[in-house]
Every structure is written in structure tokens, then in C-alpha cells.
Amino acid sequence: MKYIDDFRRNDLAQKLARGIAAAVQPGRDYQLMEFCGGHTHAIFRYGVQDLMPSNVHYVHGPGCPVCVLPIGRVDLAIALARQNLILCTYGDLLRVPGSGRTSLLKAKAEGADVRMVYSTQDALHIARANPQRQVVFFAIGFETTTPPSAVALKQAKAEGLSNFSLVCNHVLTPAAIHGILHTPLPGQLAIDGLLGPSHVSTVIGTQPYVPLAQTYAKPIVISGFEPLDVMQASLMLIRQINQGRHEVENEYTRAVSAEGNRKALALVAEVFELRPSFEWRGLGRLPDSALQIRPEYAEFDAERRFDLPQQPAEEVKGCDCPSILRGIKRPSDCKLFGSVCTPDNPMGSCMVSSEGACAAYWTYGRFRQEAA
Amino acid sequence: MSPQPKRFAQRLNLREGTVDMTHGSGGRAMAQLIEELFMQHLDNPLLRQANDQAAFDVPAGRLVMSTDGHVISPLFFPGGDIGSLAVHGTLNDVAMAGARPLYLAAGFILEEGFPLADLARIVASMAAACNKAGVAVVTGDTKVVERGKGDGVFITTTGVGRVPAGVNISGDRARPGDAILVSGSLGDHGVAVMASRENLSFDTRIESDSAALHELVAAMVAVAPGIHCLRDPTRGGLATTLNELAQQSGVGMQLEETQIPIKPAVAAACELLGLDPLYIANEGKLICICAAEDAEPLLEAMRSHPLGADAAQIGQVIEDPQGFVRLRTAFGGQRVVDWLTGEQLPRIC
Ligand code: SF4
């Protein structure tokens with residue numbers, strides 16, 4: 001626990017805050033996009049914004065695996081769950097509204113066998129314990145959660161677990177950043193720099209970001225998820241912006257290296273391959289931005305095993321999630337925010353996931369709006 | 001009461017037997033279950049009268065009554081089980097009016113196939129909790145549902161207690177300037193249950209704080225009969241309870257994160273699971289809101305009772321028409337501590 005406390009020390013935070021205040025140049029704004037919902041959450045939960053000078057702004061990015069999943073994939077999960085099989089997935093996904101305001105949680109209430117699991121290993125246990133039933137793991141997440149999915153498929157194959165399969169929705173961070181920085185839409189907030197997710201980089205390293213920083217001339221700092229990490233990384237970004245540099249720097253040196261975790265990467269490459277194109281909520285279809293299961297593991301690919309009608313899905317009218325995920329709008333800009341859409345009655349994924357920008361604004365920051 | 005061996009041809013098999021539909025049928029099997037299992041543990045003169053109700057004299061003054069259904073998975077967890085929980089939960093709800101609990105009623109819904117040995121363990125644990133608290137189960141009920149239609153055991157308990165004269169504790173009495181106190185560390189029960197449910201093994205064993213709080217309350221009321229609000233932060237934890245009180249009283253609250261007692265092991269487990277300890281259930285803690293001048297004597301009284309050893313003031317009531325509960329983080333920032341939405345779910349990545 002001392003370990004955790006060290007990253008939340010008030011005196012260090014105040015010292016960093018003074019450093020940042022001294023570093024920012026008056027008369028200019030700093031728009032820092034935190035790609036990952038983990039950072040959004042840390043910023044709000046610890047009140048980091050309060051420690052920043054008024055010209056440093058955090059722009060919330062798309063990096064929550066639940067938020068970027070398009071409604072069509074949620075529909076697919078619900079359709080699968082209704083096929084009299086056991087559908088396993090991570091908790092947050094259960095509440096995400098699909099088309100027609102239904103969700104996995106509602107399907108469960110109607111009798112579908114939907115189970116919340118904490119790990120791919122839990123899903124494997126369920127498959128072993130129910131040999132007479134099909135068990136599908138609906139896998140979502142960035143590079144961090146991909147290696148455990150790969151391990152599960154390898155184990156299933158080794159054991160000949162014929163009733164287990166996986167829907168792969170694993171997506172790739174650098175491709176999404178490319179999607180945000182490429183052809184910005186008119187009116188898009190200018191982003192001066194990016195905080196990169198550290199958990200992702202423990203797997204892929206810092207190297208994959210180098211071409212992005214160069215192509216788009218934006219500094220990227222890989223940042224840990226503790227509030228002090230976020231502040232330190234912000235200072236590193238501010239310094240780069242002041243100096244006109246656009247490099248990839250690593251704040252999270254305690255776990256991240258340039259080349260990442262070779263073993264995990266090899267494991268992922270053995271089981272998964274690039275998907276030519278994948279739809280992201282808010283970012284549209286992005287080439288080479290997601291993974292699919294390799295033909296060698298085809299028998300464990302639920303998308304091949306089950307007949308899954310691909311229907312066009314409808315976005316909720318008035319929900320600004322797509323613009324929020326791109327950093328173009330803030331949650332409070334959405335007309336539905338706080339009136340029609342709240343965490344108890346979410347219209348979009350940004351309000352569902354505890355790491356989503358709308359939920360963070362609502363849950364932790366609401367008094368700021370009321371005061372304003 | 002010692003069972004009369006001749007009444008039933010064979011004794012209940014408390015080692016390998018299971019609950020079956022006949023145990024809820026009102027016939028001989030049910031009588032045997034009551035006599036050889038429930039009576040064995042919960043015996044007292046009122047229960048032994050074996051009526052469908054318990055008759056007793058009512059003391060003068062205000063009575064309070066509270067009822068609570070208990071469903072929990074797993075049924076046994078570090079530091080307790082559904083039996084002791086069903087006793088503590090209701091005694092505490094009664095005690096939060098400043099009352100001394102007098103009697104309990106207990107209703108059991110059993111699932112066909114439930115092992116009698118586990119049931120005996122649960123009832124023994126209820127009995128131990130009652131004995132320790134000095135309160136008796138004086139009437140009860142048993143029903144059996146078909147296999148698959150229950151979760152092993154559900155227990156509903158109802159408690160009756162008496163409020164001492166001059167005490168008027170209610171959730172709508174918090175006033176700006178009042179002090180907010182807690183009796184000890186938060187989140188122990190919820191994390192203990194979650195850890196045993198999910199088979200997560202932590203280095204330190206985290207035990208539920210399940211306990212009856214009425215003695216602590218009695219000590220508190222003795223030094224400060226003018227306490228404004230008392231509540232046990234069970235489901236939804238501290239955050240939910242304070243939001244309830246803020247709404248009932250039409251006030252805001254300002255908390256200091258650094259003052260909130262949380263055990264390092266609980267904080268670490270929450271960190272790992274991506275949970276916020278402020279929202280996690282407690283079964284042996286109370287929140288007290290009192291006039292500022294009562295805070296020190298109350299803290300002293302709480303700390304001299306074993307269940308309040310780690311009592312602390314964690315913030316104060318403020319004026320706020322919006323009714324926000326705010327927290328100054330250890331980090332120096334401010335944030336809202338909102339109502340919980342749905343269940344807290346562990347993080348994905
Ligand atoms: S407030 Fe709700 S509707 Fe608006 S963008 Fe956020 S999630 Fe979508």
C-alpha cells in the first residue's frame with residue numbers, strides 16, 4: 001500500500017503543480033488529450049484539473065474499450081446471447097445500450113444466460129463446467145487485454161475444448177490515434193499533445209507511437225495512471241510544446257520500455273492477425289485498427305461458428321458520443337447530458353463506462369457545472 | 001429445550017441430510033426441523049411457547065421496528081455468514097434510531113437440496129450473534145422452495161427496540177456546521193465478500209466487520225443524547241448513505257479524503273479491482289452526524305468501545321441547495337461523491 005500512497009502524495013502534487021505553473025507560457029492554451037479513460041478517471045477522481053493553471057485543458061479521448069465499441073457489435077453480442085448459449089464478458093459491457101435501447105443486462109433479465117467474468121480464465125472454467133453448452137467469450141479491449149485472450153484460445157485448443165469460442169473485438173491504440181489526428185473535421189479542437197496509455201505500452205512499448213508523433217507533429221508522453229503520473233506527464237508535454245518538439249517520451253519508465261513485452265507480442269501474433277477494417281464508435285471504419293482470429297484457430301472463432309446477422313445499427317439521436325470520443329466536444333456540450341442521459345439511464349456508451357468522459361463529468365465534476 | 005427422542009422415528013441427519021419439500025409443508029418433517037435444528041440453537045422461553053406469534057409486555061416510550069431481507073453469495077465468508085449478518089443487520093437498523101433492540105423475528109426461505117449441516121451452521125451462528133447481543137429470536141417462519149428457485153437460504157429478520165426518552169435521531173436532522181463521524185474503517189465487509197466470491201486471493205485476509213452496534217450506540221447516546229443522525233453504511237457504502245442523508249436534510253457535505261479510515265489491505269484490493277471503497281458495503285460501522293460541540297465527546301466515547309476504536313471525524317455538513325457530497329482529495333482537488341449507479345463493476349483494463 002505504501003507503493004500506492006507514494007504516487008498520491010499531496011506534497012509532491014503541489015510541487016509538480018508549481019512546476020507546471022512556472023512552465024506554462026501565459027497567453028497560450030495547452031490542449032492535452034488523454035487518450036485513455038483510465039487517465040480521464042484519475043483526473044476527475046483526484047481533482048487534478050484543480051491543480052492546473054487555467055490555460056491547461058484536458059481533452060478526453062476515445063480510450064475506453066466500452067466507449068469505442070460500435071452499437072453494431074453490442075447488437076451482435078445481444079443476438080449471440082439470445083441463441084441459448086452462455087455469453088461471458090467483462091462487467092461494463094453489460095449495461096451498454098444497443099439498438100432499440102436494449103442491452104446485455106436486459107437480455108439477461110429476459111432469460112439469456114449472460115455471465116460477467118473477471119478474466120478469460122473464468123470463461124474457460126465455465127466452458128469446462130458446462131460441456132453440454134456452448135460458451136462464448138465476448139472479448140473487448142486494447143492491447144492490454146489481448147494477451148489473456150490469446151492465452152485462452154491456446155489453452156482451449158490444447159485441451160480440445162470444443163464448446164468454447166471467442167468474439168474478437170480487440171482494437172489497436174496507435175491506429176485509433178491515427179484516426180483522430182488524420183483529417184481533423186472542421187471545428188475540431190486543436191490538440192497540442194497526447195498522454196499515451198501506460199498499460200497498453202507495457203505490451204507494445206513506446207516505439208509504435210514514433211511515426212505518429214512525427215507525421216502529425218504532436219508530442220506524445222506515455223503516462224501511468226496514478227494522478228502524479230498524469231501531472232508529471234503533463235509537465236513533460238508542456239515542455240515539449242514550449243520547445244516546439246514532438247517526440248515520444250516515456251513517463252512510465254517503471255514498467256514501459258521502447259520495445260514492449262516481446263513474449264506477449266509473440267503470443268498475440270500467433271493467435272491473432274490484423275483485421276483489414278473495423279468500425280469504431282465515433283471514429284468510423286479504420287483500416288488495420290483491430291485484430292481477428294487467425295485461420296489456425298478458426299474453430300474457436302465465434303464469428304465463424306455462429307450465424308450472426310450483421311444489421312446496420314442505429315446511433316441514439318442526439319447523442320454526441322462520436323464527437324466526444326474525437327475530442328471535438330465536451331460532455332456538457334451534449335444536449336442530452338444530465339437531462340435525458342445520466343448514468344442511471346445512459347443513452348450512449350460515454351455515460352455507461354465508469355471511464356467514459358460523460359460518466360466522469362457527471363459523477364465527479366457535476367458541481368462545477370452547477371456552480372458555473 | 002432438550003428434544004424428545006421418541007417423537008420422530010429417526011433423528012434428522014444433520015451431517016448428510018438436505019432440505020426437501022416436506023420441511024416446508026407444515027407437517028411432521030417441518031416440526032422435526034424446527035425442534036431438532038432451530039430450537040436446538042435459538043431456544044428461549046418465548047420461542048418455546050411455539051405459537052404463531054410471540055406475546056410480550058411493551059415497555060413505555062417509543063418503540064422502533066425494522067425489517068430486512070438477507071440474500072448473500074457466498075453464504076459463508078471471512079468474518080461471518082448469512083446467519084450472523086441477518087441478526088446484525090436488523091439489530092443495527094433498530095439501533096440507528098438510538099434504540100436498544102429487544103426482540104427479533106426470523107423468516108427462512110430454504111431451497112430444496114440445501115445441506116442441513118450448512119443450515120445448522122447458519123442457525124448456530126445466528127444464535128451466537130443473538131447471545132452476544134443479548135437479544136432473542138422470539139418467533140419465526142420457514143418455507144421451502146423447489147430446487148433452482150432460491151439461492152440456498154434467504155433470511156428475513158424483523159427487530160423491535162425501545163428508544164430512550166429524549167433521543168430523537170432522524171435522517172432529516174443534519175444542519176450546516178454539524179460534524180460527520182464514522183466509527184471505523186470502511187469497506188471491510190464488501191471486500192471480504194467479494195474476495196471470497198471471486199476466489200481472489202490477497203496476501204492479507206480481509207474479514208467482514210459484521211457486528212451488532214447497539215452497545216456502541218448506547219455509549220454514544222449516553223454522552224450526547226442530542227445526536228442528529230445515525231446510519232449504518234451498508235449497501236452502497238459511505239457515499240450512498242451520505243447522499244441519502246444530504247437529500248433528506250436538504251444540506252451538502254464536505255469530506256476530507258485523508259481523514260477517512262480505510263485499511264491498507266482494503267484500499268489495495270479496491271485498487272486492484274478498480275473499485276471505490278467509499279461505495280463498498282459495511283456491516284459493523286456507523287455514520288454519526290452531530291452538532292460540532294458534540295463531536296469530541298462522541299469521538300472519545302466511540303474510541304473507548306472496541307467497535308469504535310478507529311472512530312474519526314471525516315468532514316462536516318455544509319449549506320448546499322444542490323445537496324452535493326463533495327470530497328477534498330488527498331491530492332488537494334475537489335470532486336463530487338455521487339450516488340452509485342447500478343452495481344460497482346471491476347475494471348476492464
Ligand atoms: S451525455 Fe449521453 S447522449 Fe450525450 S454524448 Fe454523453 S453518452 Fe451520449
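A residue counts as exposed when its relative accessible area is over 50%, and as buried when that area is under 20%, with partly exposed in between. By that rule B:Glu293 is exposed, because its relative accessible area is 64%. B:Glu293 sits in the loop of chain B that runs between β10 (287–290) and α9 (295–303). Its C-alpha atom is separated by 22 Å from that of B:Glu257, a residue 36 positions apart from B:Glu293 along the chain.

These values, like the rest below, come from a predicted model. The model scores ipTM 0.70 and pTM 0.81. Chain A averages a pLDDT of 88, and 94% of its residues score at least 70. For chain B the mean pLDDT is 91, with 94% of the residues at 70 or more.

Chain A contains an open sheet of 5 strands, in the order β2-β1-β7-β8-β9, with parallel pairing. Which strands stand at the edges of this sheet? They are β2 (56–63) and β9 (248–250) of chain A; each has a single partner strand, so one side of each is left without a neighbour in the sheet. From one strand to the next the twist averages 25 degrees. Within the sheet, β7 (residues 193–197) and β8 (residues 220–223) of chain A pair in the parallel sense over 4 bridges. One of the residues involved is A:Pro197, whose bridge partner in β8(A) is A:Ser223. Helix α11 (residues 227–243) of chain A packs on the sheet and touches β1 (30–36), β2, β7, β8 and β9 of chain A. The direction of α11 makes about 170 degrees with that of β8(A).

Further along chain A is a pair of the other sense. Strands β10 (residues 272–280) and β11 (residues 284–293) of chain A pair in the antiparallel sense over 8 bridges. In this pair A:Arg275 stands opposite A:Ala290 in β11(A). The two strands, β10(A) and β11(A), form a hairpin with 3 residues between them, and A:Gly282 in the turn has a positive phi of about 85 degrees. Strands of a sheet pair through backbone hydrogen bonds, whether parallel or antiparallel.

Next come the charged side chains. Side chains of opposite charge can pair when their charged atoms come close. Over all chains the count comes to 24 salt bridges. One of them joins A:Arg82 to A:Glu110, with the closest N and O atoms 3.2 Å apart. This pair links distant parts of the chain, 28 residues apart: A:Arg82 lies in the loop between α4 (71–81) and β3 (86–89) of chain A, and A:Glu110 in the loop between α5 (104–109) and β4 (113–116) of chain A. A:Arg82 counts as partly exposed because its relative accessibility is 48%. A:Glu110 is exposed, since its relative accessible area is 59%.

Another salt bridge connects A:Arg115 and A:Asp113, the closest N and O atoms being 2.9 Å apart. A:Arg115 has a relative accessibility of 28% and therefore counts as partly exposed. A:Asp320 and A:Lys329 form a further salt bridge, with 3.2 Å between the closest N and O atoms. Is A:Asp320 buried or exposed? At 14% relative accessibility, A:Asp320 counts as buried, whereas A:Lys329, at 33%, counts as partly exposed. In chain B, salt bridges that share partners join B:Asp188, B:Asp209, B:Lys263 and B:Lys285 into one network.

The cysteines remain. How many disulfides does the structure hold over all chains? The number is 0. A disulfide here requires two cysteine sulfur atoms within 2.5 Å. For A:Cys67 the closest cysteine sulfur, in A:Cys64, is 3.1 Å away, which means the two are too far apart for a bond. In chain B, B:Cys288 is likewise in no disulfide; its nearest cysteine sulfur, that of B:Cys290, is 4.6 Å away. A:Cys67 counts as buried because its relative accessibility is 2%. B:Cys288 also counts as buried, with a relative accessibility of 0%.

How values were computed. Residues numbered from 1 in each chain as written. Chains lettered and ligands numbered in written order. Predicted model: local features only at pLDDT ≥ 70, side-chain atom pairs only at ≥ 80, totals over all residues. Heavy atoms only, no water. Buried < 20%, exposed > 50% of the residue type's maximum accessible area, 1.4 Å probe, protein only. Pairing = 2+ DSSP bridges. Axes fitted to C-alpha atoms, helices over the stretch in contact; angles between N-to-C directions. Contact = heavy atoms within 4.5 Å. pLDDT = per-residue confidence, 0-100. Salt bridge = Lys/Arg side-chain N within 4 Å of Asp/Glu carboxyl O.
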